[in-house]
Amino acid sequence: MKVDVLLGLQWGDEGKGKVVDVLTPGYDVVTRFQGGPNAGHTLEFGGQKYVLRSIPSGIFQGGKMNIIGNGVVLDPILFRQEAEALAESGHDLTKQLCISKKAHLIMPTHRILDAAYEAAKGDAKVGTTGKGIGPTYTDKISRNGLRVGDLLFGFDEKYAIAKGKHEVILQGLNYKYDVAALEKEWFDALEYLKKFKFIDSEHVINNLLKEGKSVLAEGAQGTMLDVDFGSYPFVTSSNTICAGACSGLGIAPRNIGEVYGIFKAYCTRVGAGPFPTELFDETGDKLGRLGHEFGAVTGRKRRCGWIDLVALRYAIMINGVTNLIMMKSDVLDSFETIKVCVAYKINGQETEEFPFDICEEVEPVYAELPGWRTDMTQMISEDEFPEEFNAYINFLEEELGVPIKIVSVGPDREQTIIRNEEE
Ligand code: GDP
Ligand code: IMO
Ligand code: MG
């Protein structure tokens, strides 16, 4: 069997958590391959709402095995909060969830460094989630990181060395901090972490594939936040793209199967950085209001705008997307007309190619389509789709060259329509 990958094609928060939960019954294993608690993946079912940060979104579907892969960065404090909250609501994860020994640990000083680097950037700050993601990946790449497997041997010494290096940097930045308070909680949380099985996940996953088991890899963030291909430097610090699943799980490219690319019927972004189709008017406010566009982790207001096909085509190319999933169509239910950015105009030149830098000169070129002005939230089949909605998805499919297989019409698990089921 192969690993299917589900990943975001925009700037994150596309609805990955919801769809992973919906697709999990078709898989034996669900795994995260990058990112960390900067992610906030929301799932709704049975009148309950859950937000997952480090734990894969397959955790609620009938005792499936869930794996936190080597490419993930893990904060023991936030992991403990997340796992304990789930245990309180009746989901004991200790038997279902395994953690790669090669996943890197977010230290208390990583969080402090994240804040210190942001403060040092002043107006040019990225607007990170403040979870220590950048500094932890920096330490991984510069060969200074601590891994989950290090907990098994000589940990205290490795911790002291790593912390000492951070303290030198913080002094250099002249940044005031107090690590002692966080440190006690962190070490307590490490003891809690040891309740979970630490595994050589690359062996486990490859063996599962050989045994014919199916694996779904759940991306975090989105392609436009990828450290190589996103709107650098306003990006996260990991490879959020499909190739990240290979390095973040230890699987060969030929073992990638379907690639599910997920996008909102419009577009949002949280944090700083360019966003060509951003709306600063009443329409942008309306998208935010109807879509409840507030960060699942930070509560920050998400910036809203029209869908951007230049960025989406680019994301589809980079990831080799085989199936598209369109989320939050219901948010557009009441719009008279809907705009779709089909090209960029840069210094008077029109282009459909995503540029090196989405600078201020980028001006979106829009096509305008009629809205469907119908409440779609109770629909259960594509046969019920209004004509204008069909025209909208046909237009997108034609422009993007990939079929839209799933349409989401509300936050609940049930509000999901699989298209062309008979095929
Ligand atoms: P993720 O990070 O990609 O998992 O997405 P988030 O959970 O951060 O943000 C998606 C938000 O949209 C969550 O609040 C979901 O409950 C909600 N959501 C998901 N799908 C739909 C949908 O089709 N319609 C509406 N109205 N909300 C949705
Ligand atoms: P999910 O998985 C949306 C953004 C931050 C910031 C930039 C860098 O829920 O889609 P970081 O803390 O990663 O160093 O921040 O990336 N960002 C996200 N935006 N959804 C996310 O995750 C994000 N994770 C990080 O807002 O602009
Ligand atoms: Mg999110």
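Tutor: We start at the ligand and then follow the charged pairs and the loops.

Keep in mind that this is a predicted model. Ligand 2 is surrounded by 21 residues. The closest are Asp 13, Lys 16, His 41, Thr 129 and Thr 236. What is the make-up of the shell around ligand 2? Eight of its residues are nonpolar, 10 are polar and three are charged.

Now the contacts. A polar side-chain atom of Thr 129 sits 2.6 Å from an oxygen atom of the ligand. For Thr 236, a polar side-chain atom is also placed 2.6 Å from an oxygen atom of ligand 2. Gln 221 uses its backbone: a polar atom there is 2.8 Å from a ligand oxygen. How much of ligand 2 does the protein cover? On its own, ligand 2 has 550 Å² of accessible area, and the protein covers 98% of that.

Lys 16 belongs to helix H1, which spans residues 16-23. Is H1 enclosed or open? Eight of its eight residues are buried, so H1 is largely enclosed by the rest of the structure. Buried here means under 20% relative accessible area. The buried residues are Lys 16, Gly 17, Lys 18, Val 19, Val 20, Asp 21, Val 22 and Leu 23.

To place it, we need the salt bridges. Side chains of opposite charge can pair when their charged atoms come close. The model has 22 salt bridges. Take one that reaches across the chain. Arg 313 and Glu 352 meet through their side chains, at 3.9 Å from N to O. The two partners are 39 residues apart, and the pair links distant parts of the chain. Arg 313 is in helix H10 (residues 309-319), while Glu 352 is in the loop between S17 and strand S18 (362-370). Arg 313 is buried, at 17% relative accessible area. Glu 352 is exposed, at 51%. Asp 13 has its own place among the salt bridges: shared partners join Asp 13, Lys 264, Glu 293, Arg 302 and Lys 328 into one network.

Where is Asn 347? It is in the loop between S16 and strand S17 (349-351). Asn 347 counts as exposed because its relative accessibility is 64%.

One more backbone feature. Tyr 232 and Pro 233 are joined by a cis peptide bond, with omega about 5°. Pro 233 is in the loop between strand S10 (215-218) and helix H8 (242-249).

Finish on the surface. Tyr 117, Ile 169 and Leu 173 form a nonpolar patch there, with about 230 Å² of accessible area together. Leu 173 is in the loop between helix H5 (155-172) and helix H6 (180-193). Leu 173 is partly exposed, at 33% relative accessible area.

Methods
Residues numbered from 1 in each chain as written. Chains lettered and ligands numbered in written order. Predicted model: local features only at pLDDT ≥ 70, side-chain atom pairs only at ≥ 80, totals over all residues. Heavy atoms only, no water. Patch = residues over 30% accessible without salt bridge, like charges linked within 9 Å, V, L, I, M, F, W, Y side chains within 5 Å. Areas by Shrake-Rupley, 256 points an atom, 1.4 Å probe, with all protein chains shown as cover. Salt bridge = Lys/Arg side-chain N within 4 Å of Asp/Glu carboxyl O. Helix = DSSP H or I, 4+ residues; strand = E, 2+ residues; numbered from the N terminus. Buried < 20%, exposed > 50% of the residue type's maximum accessible area, 1.4 Å probe, protein only. Near = heavy atom within 4 Å. Polar contact = N/O pair within 3.5 Å; in protein donor to acceptor, adjacent residues only side chain to side chain. Nonpolar A, V, L, I, M, F, W, Y, C, P; charged D, E, K, R; others polar.
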